[in-house]
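My notes follow the order in which I checked things.

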Amino acid sequence: DLEAARERLRPMLEGWPGEAPQVHLLHMLKIQVDCDLYAGDAPGAWRRVLDQWPMLEQLGFSRLSTRRTEVFHLRARAALALLAHDPGPNLHLRAIVDSDLEQLAREPMIHARPLEAMLRASLYAIAGDQKAVLQRLSGAIYGFDAAGMSLFATVARRCKGQWTEGREGRKIVQQADVFMRMQDIAEPQRWVAMVAPGFMLGHAS
């Protein structure tokens, strides 16, 4: 429930006026951005990241690989969402996404490479490059499975199903939706829009 999630977050935001532990500030920002993306508010998600980016830089999150992976993954998702939502005036965001994904690909964290592969597939999805989309998603699925990240792997499989033609593609999407609903995700497509922006509009298969 989107509104319930925002309601639970409100006391934390009000209770820590500039005094929250650094990692909590990052996690609260991630939850807020996730809520924006789930709601389909790409401009709001990007505006929130843009407003808070100086704070993230000041707190030195780029010095630790774990936090660096989180912040660049967050910014790339928000930028991708806005690029997919309204590409015309936001083509400059592609350079930011490229830079953030290059950084993710260099990180030693086991989950960084599949995250990069899935968001790179999102970028190709926006461009309409089916072959590149499927190649990147195959790599993302392999990486998420290896890292034990079953929900992310399912999102990648669902995206692959959207870009796989015919009955096979529809079956993949249906199987992914069943799994995601078993994880109490009521609207899988909106979850995909949050985790892998660029696939929110689907693809005729």
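**Entry 1, the core.** I kept in mind that the model is predicted. I looked up the largest nonpolar core and found 53 residues in it. Leu56, Met118, Leu137, Phe144, Val155 and Phe199 touch the most other members. I then listed the elements that give two or more residues to this core: α2, α3, α4, α5, α6, α7, α8 and α10. The largest share, 10 residues, comes from α4.

**Entry 2, Leu137.** I asked what Leu137 touches, leaving out residues up to four places away in sequence. I found Met118, Ala121, Ala156, Cys159, Lys160 and Phe199.

Two packed helices are described by the angle between their axes and the distance between the axes. For α3 and α4 I read an angle of about 150 degrees, with the axes 8 Å apart. The crossing of α3 past α4 is left-handed. On the α3 side I noted Ala42, Pro43, Ala45, Trp46, Val49, Trp53 and Leu56. They meet residues of α4, among them Val71, Phe72, Leu74, Arg75 and His85. By class, this contact has 14 nonpolar, 1 polar and 1 charged residues.

I checked the length of α7. At 1.5 Å a residue, its 18 residues should span 26 Å, and its end C-alpha atoms are 26 Å apart, so the two agree. Which residues of α7 are buried? I listed Ala132, Val133, Leu137, Ala140, Ile141, Gly143 and Phe144. Their cover includes α6 and α8. Gly148 follows α7, and its phi is positive, near 70 degrees.

Terms used. Residues are numbered from 1 along each chain as its sequence is written. This is a predicted model: local features need pLDDT of at least 70, side-chain atom pairs count only at pLDDT 80 or more; totals for chains, interfaces and linings use all residues. Side-chain values use heavy atoms; hydrogens and water are left out. A nonpolar core is a set of buried Ala, Val, Leu, Ile, Met, Phe, Trp, Tyr and Cys residues joined through side-chain atoms within 4.5 Å. Buried means under 20% relative accessible area, exposed over 50%, partly exposed in between (1.4 Å probe, protein chains only). Helices (H or I, at least four residues) and strands (E, at least two) are DSSP runs, numbered from the N terminus. Contact means heavy atoms within 4.5 Å. Axes are lines fitted to C-alpha atoms, for helices over the stretch in contact, and angles run from 0 to 180 degrees between N-to-C directions. A crossing is left-handed if the near helix is turned anticlockwise from the far one by less than a right angle, and right-handed if clockwise. Ala, Val, Leu, Ile, Met, Phe, Trp, Tyr, Cys and Pro count as nonpolar, Asp, Glu, Lys and Arg as charged, and the others, Gly among them, as polar. The expected span of a helix is 1.5 Å times one less than its number of residues.
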